[in-house]
Amino acid sequence: MNKPGFQPSLKGRALRLLSQREHSRAELERKLAAHEEVPGELAKALDDLQARDFINDGRAVDSVVNRRSGKLGSARIQQELAQKGLSGEAVAEVLEVLKETELARAQAVWRKKFDAPPQDPQERAKQMRFLLTRGFNAEVVRRVVKGEGLEDDVFD
């Protein structure tokens with residue numbers, strides 16, 4: 001793939017990562033720090049990419065939410081955003097919107113996996129653990145497993 005001895009620049013490495021998916025600036029700094037030979041070189045390259053809007057934390061937030069909201073609850077999405085170094089007002093706004101749809105998203109995930117109410121306490125615990133590990137709110141999980149708010153025509 002690369003010629004022997006050829007080392008792409010930090011900006012080239014960053015662009016390659018950005019061509020695969022949206023990355024936050026913090027994520028790129030973490031991934032590219034080992035390749036920085038001159039102190040300040042990485043910050044300069046990332047500043048240039050950010051000035052040209054190649055790095056946009058708002059798009060990175062939207063990307064994570066769009067990819068993960070169909071499978072995960074607000075808590076797990078918030079955790080992933082934090083791991084990527086994303087925080088602030090945009091994240092808070094997105095989490096508010098996600099919390100409004102938490103019940104419907106949890107129902108969809110539950111139906112895809114189980115689609116039948118638990119028959120015994122062990123099955124109930126299994127279904128609840130499944131949803132809890134995906135980051136759904138405990139009250140939402142309780143309502144979904146109990147069958148509250150389930151609309152029969154949602155998946156017809």
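Predicted model: local features only at pLDDT ≥ 70, side-chain atom pairs only at ≥ 80, totals over all residues.
The crossing of helices α8 and α9 is right-handed. Of the 156 residues in the chain, 35% count as buried.

**Overall form**

- Read from the N terminus, the order of elements in the protein chain is α-α-α-α-α-α-α-α-α.
- The radius of gyration of the protein chain is 21 Å, while a compact globule of 156 residues would have one near 15 Å.
- Among contacts in the protein chain with a separation of 6 or more, 57% come from residues 24 or more positions apart.

**Helices α8 and α9**

- Two packed helices are described by the angle between their axes and the distance between the axes.
- Helix α8 covers residues 121-133 and helix α9 covers residues 138-146; their axes come within 10 Å and cross at roughly 140°.
- An angle over 145 degrees would count as roughly antiparallel, and α8 and α9 are therefore oblique to each other.
- On the α8 side, the residues that meet α9 are Arg 124, Gln 127, Met 128, Leu 131 and Leu 132.
- On the α9 side, their partners are Ala 138, Val 141, Arg 142, Val 144, Val 145 and Lys 146.
- Sorted by class, this contact of α8 with α9 has seven nonpolar, one polar and three charged residues.

**Helices α7 and α8**

- Helix α7, residues 102-113, packs with α8 at an angle of about 130°, and the two axes are 11 Å apart.
- That angle makes α7 oblique to α8.
- The crossing in which α7 passes α8 is right-handed.
- From α7, the residues Ala 106, Val 109, Trp 110 and Lys 113 meet Gln 127, Phe 130 and Leu 131 of α8.
- The contact of α7 with α8 divides into five nonpolar residues, one polar and one charged.
- Gln 127 and Leu 131 of α8 are listed in the contact with α7 and also in the contact with α9.

- Val 91 lies in helix α6, which covers residues 89-100.
- Val 91 counts as buried because its relative accessibility is 7%, and the limit for buried is under 20%.
- Val 91 and Asp 57 are 34 residues apart along the chain, and their C-alpha atoms are separated by 9.7 Å.
- Leu 95 also has its place in helix α6.
- With 8% relative accessibility, Leu 95 counts as buried.
- Leu 95 is in contact with Ser 74 and Gln 78, leaving aside its neighbours within four places in sequence.
- From C-alpha to C-alpha, Leu 95 and Ala 75 are 8.7 Å apart in space, and they are 20 residues apart in sequence.

**A buried residue in a loop**

- Ser 69 lies in the loop between α4, residues 57-68, and α5, residues 74-83.
- The relative accessible area of Ser 69 is 15%, so Ser 69 is buried.
- Apart from its neighbours within four places in sequence, Ser 69 is in contact with Val 64, Ile 77, Leu 98 and Arg 105.

- Most residues other than glycine have a negative phi.
- Asp 53 is not a glycine, yet has a positive phi of about 65°.
- Asp 53 is found in the loop between α3, residues 41-51, and α4.
- At 39% relative accessibility, Asp 53 counts as partly exposed.
- Asp 115 is not a glycine either, and has a positive phi of about 60°.
- The place of Asp 115 is the loop between α7 and α8.

Notes: Residues numbered from 1 in each chain as written. Heavy atoms only, no water. Helix = DSSP H or I, 4+ residues; strand = E, 2+ residues; numbered from the N terminus. Buried < 20%, exposed > 50% of the residue type's maximum accessible area, 1.4 Å probe, protein only. Axes fitted to C-alpha atoms, helices over the stretch in contact; angles between N-to-C directions. Parallel < 35°, antiparallel > 145°, perpendicular 65-115°, else oblique. Left-handed = near helix turned anticlockwise from the far one by under 90°. Contact = heavy atoms within 4.5 Å. Nonpolar A, V, L, I, M, F, W, Y, C, P; charged D, E, K, R; others polar. Rg over C-alpha atoms; globule rule 2.2 N^0.38 Å.
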